[in-house]
Each structure stands twice: as structure tokens, then as C-alpha cells.
Amino acid sequence: MNETIDLLMNHRSIRKFSDEKITESQVKTIVEAGQAASTSSYYQAYSIIGVTDPNIKQQLREVSGQPYVEENGHLFVFCADLNRLAQSQDEATREQMKTNLESTEFYMMATIDATLAAQNCAVATESLGLGMCYLGSLRNDVKRVNDTLNLPEYVIPLFGMAVGVPEEKPERKPRFDWTTVYHENQYDVTTATEFHAFDKTVTDYYTHRKTNGRDDQWSEQIKRKLTNPMRQDVGPFIQDKSLNRH
């Protein structure tokens, strides 16, 4: 196993950081590592908002409900961004581009571009000896995040990333066996039911971890999370921003 794979295999989400801010040089390195990720057709259809204003951080914490949105070394918000593509053209050309820009295909493309960049940023962050945590909780009130960050048409906030000097070292969370998620040639529907052994693995993990131990299973988590509707405002909001309309 080489150093890169070892780094990837030892990922942990960090939710407690020191008060130390990361340097401008570290921010630049992390963002440039994100920019080096693959991008569909060279569109580079994403933007990254670095949040340093304490008032904005507080507002985003109120949306998320998580203290580490505010208490970190740096906060990034990753956005799908088709606005830059539109602004690169004159008004007549932009009108011709609308069918593509407002399609599901281009919404997916921008979301994938942003996610690929974000994962490069995450790996770069950990390679610098820092910790990070993704923040899907910013979609708890996606319009408020949008308004707080003053995002224009064709730009939507997807998720955040808190980065900083770790003040904890949690145990590595277990994953499915690779054969559960890997299918060869065609989808194997039998793997969808291969979670019972993993439930036991997850129970053992929660029972024995050093902090916040509890009696829980993966399938029970899924039940709790998906039996109640959540974030039903996200779809209409995205369409209001002229994305994913058809």
C-alpha cells in the first residue's frame, strides 16, 4: 500500500477543531488541488466560497445546527455554477444556451464537477495534516444559504466543508465490504440485501468506540432518516434558480 492509498483509507470526519486558522497558502493549495480534478468538457462548472466573516459563519451555523460550521480553521462552500458559462457569452448566445443550461444533464454535470473538486480538496487537506468534515446540513435551509452568500442565477450551494487543525482522532468508521458496492458487467440485485453482517459490524463499532457510544445499526439509521420527508424545498429552489428544469 502506498502513501496515497494509505491516506485515503484512513479518512475520518473531524468535527472538533482548534482555534487556529489555516494559512492563506494552505487555502490556495487546497483550492488549487480541487481545480486539478477532472472536469466535464473543460466547463469547470463550480465555485468555492471561502467563508471568513464571523457573522456569515454564524448564520450558516444556524442553518446547519452544527457548531463546527462556525468553529473551524476555514469554511468552504461548494456550489454548482453554470453562471460563469452564461456570462462568457453575449446575450443572444446566452438565449441559445438556455435549453442546455436549464437541463437536468447540465445540473448533474455541474454537481459532479463540484463534487470531484471537493474530494480533491478533502484529500489535499488531509495530506497537509489537517482535518475536514463535509456539511450537507447547509441544505437544511438552502434558500437562506443562497441569500446569505448572494449567489446569482444558475448558481446553487451544494454542501460545505469545515477544515482545520484536529482536536480529536475518532475511530475510522466501517464501510461495506467492497464486493457489496462493486458489480461486474451488470447490477447484481442480491447485493442489496447483504447488509445483515454489516449491521453487526456497525453495532460493534458504535458499542466499542471511545466517544458517543451507542447501540445502533446501519439499517436502523436508514429507517430513522428516510421514513420522514426531509429537505423537500431543495427541488423547487433549484428550479427557481433556473437549473434542472427539464
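Entry 1: I looked up the second largest pocket and found a volume of about 240 Å³. My pockets are open sets of points on a 1 Å grid over the protein atoms alone, with protein on both sides within 12 Å along at least five of seven lines. Volume here is the space filled by probe spheres set on the points, which are joined across faces, edges and corners. This is a predicted model, where local features need pLDDT of at least 70, side-chain atom pairs count only at pLDDT 80 or more, and totals for chains, interfaces and linings use all residues. I number residues from 1 along each chain as its sequence is written, and side-chain values use heavy atoms, with hydrogens and water left out.

**Entry 2: its lining.** Lining residues have an atom within 4 Å of a point; among them here are Leu7, His11, Arg12, Glu126, Pro166 and Lys169. I sorted this lining into 4 nonpolar, 4 polar and 4 charged residues. I count Ala, Val, Leu, Ile, Met, Phe, Trp, Tyr, Cys and Pro as nonpolar, Asp, Glu, Lys and Arg as charged, and the others, Gly among them, as polar.

**Entry 3: the largest pocket.** Next I turned to the largest pocket, with about 1700 Å³ of space. It has 40 lining residues, and Ser13, Arg15, Lys173, Tyr206 and Lys225 are the closest to its centre. By class I get 17 nonpolar, 8 polar and 15 charged residues in that lining.

Notes
1 Å grid on protein atoms, 1.4 Å probe; cavity = no way out; pocket = protein on both sides within 12 Å on 5 of 7 lines; lining within 4 Å.
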